[in-house]
Amino acid sequence: MKVAIVGASGAVGQEFLRVLQEQNFPIDELLLFGSSRSAGRTYNFRGKEITVRELRHEPDDFKGVDIAFTSAGAGVSREYAADITAHGALMIDNSSAFRMDEDVPLVVPEVNGDDAFNTPRNIIGNPNCTTIQMVVALKPINDISPIRTVHVATYQAASGAGASAMDELAEQYAQIVRGEKPTVEKFAYQLAYNVIPHVDVFTDNGYTKEEMKMFNETRKIMHAPELNVSAMCVRVPVMRAHSEAVWITTEKPVSVEQARNAFEKAEGLVVIDDPATKSYPMPLDVAYKDPVYVGRLRADLSNPCGLTFWIVGDQIKKGAALNAVQIAQYLIAHGKKFGA
């Protein structure tokens, strides 16, 4: 197969390189694309140095490409989608550009993998990181009894704002130790020693775009247009791996034992939940790992049909690059032919 990565020098682009290697993804030729600033950089992949090309409107740059993993921002995805897909390449896009378009499937393989086969525009949307890890945990409960409401508070790492934001968080701590005023560029306020109840820009209804992504994307992925989702997204001084506190109500009561059994059997989930030994998932332990981790499972004392639990997932892996690669793996495993 011939594979391309667009946005190769960014945090997610670099994670694509690692994930493709870790997953032993079948690649005969790999192309890397980036901005004019990134062009000319070289990255090693399977012992070969690959040079980043500048992304331009060149009609033949993606000729022969089977799959293009794109993570260079929504504006770039919109501008270059036609070029990328012109010769039949499947574009698996990590931006928000096409996620809510009716003719673009939005896919988390453990939840709605078959949707990936319906691609009239040769584009598949990779959902928002917070949505991905949440729906992986919602699916096994929804299979027992349909979920009616979801309330979620997120605790989002600096990685969600990119590699430069991670650098800024580390630098802020160093500056404070040196007695200097910390640099604030990537976040609304100083993130070190702080939490910021604000991720992405505010919309007219008082929710941020990040919170509305969780509302809209969860409904689309789970094929549940009536599902009510309310989110509060918070940035915390963690380097990578997002955490979420989730409250759900189901159509019929689901016991803690039923839920735990469903979680333990579910694909892509790992249960760490033993209050007696203070065992629960934390971002410090989950960073760089593939699954979504769940713990603190208990009945919601406010509702007989309610459950509450805690989930943690690496934002750059399952929340971005890994999920995109898993979409391609799902297609291959279920019969789609590439590299013809």
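Seven strands form an open sheet in the order E3-E4-E2-E1-E5-E6-E7, with mixed pairing; strands pair if DSSP finds at least two bridges between them. Strands (E, at least two residues) and helices (H or I, at least four) are DSSP runs, numbered from the N terminus. This is a predicted model, in which local features need pLDDT of at least 70 and side-chain atom pairs count only at pLDDT 80 or more, while totals for chains, interfaces and linings use all residues. Residues are numbered from 1 along each chain as its sequence is written, and side-chain values use heavy atoms, with hydrogens and water left out.

The edges of the sheet are E3 and E7, each pairing on one side only. From one strand to the next, the twist averages 25°. E6 pairs with E7 in the parallel sense over three bridges, and methionine 91 stands opposite isoleucine 123 in E7.

Helix H2 (residues 74-85) packs on the sheet, in contact (heavy atoms within 4.5 Å) with E1, E5, E6 and E7. The direction of H2 makes about 155° with that of E6; axes are lines fitted to C-alpha atoms, for helices over the stretch in contact, and angles run from 0 to 180 degrees between N-to-C directions.

Two nonpolar cores are listed below. Such a core is a set of buried Ala, Val, Leu, Ile, Met, Phe, Trp, Tyr and Cys residues joined through side-chain atoms within 4.5 Å; buried means under 20% relative accessible area (1.4 Å probe, protein chains only).

| Core | Size | Members include |
|---|---|---|
| Largest core | 42 residues | Phe25, Leu30, Leu32, Phe69, Ile92 |
| Second, separate core | 35 residues | Met134, Ile141, Val256, Val294 |

Conventions
Buried < 20%, exposed > 50% of the residue type's maximum accessible area, 1.4 Å probe, protein only.
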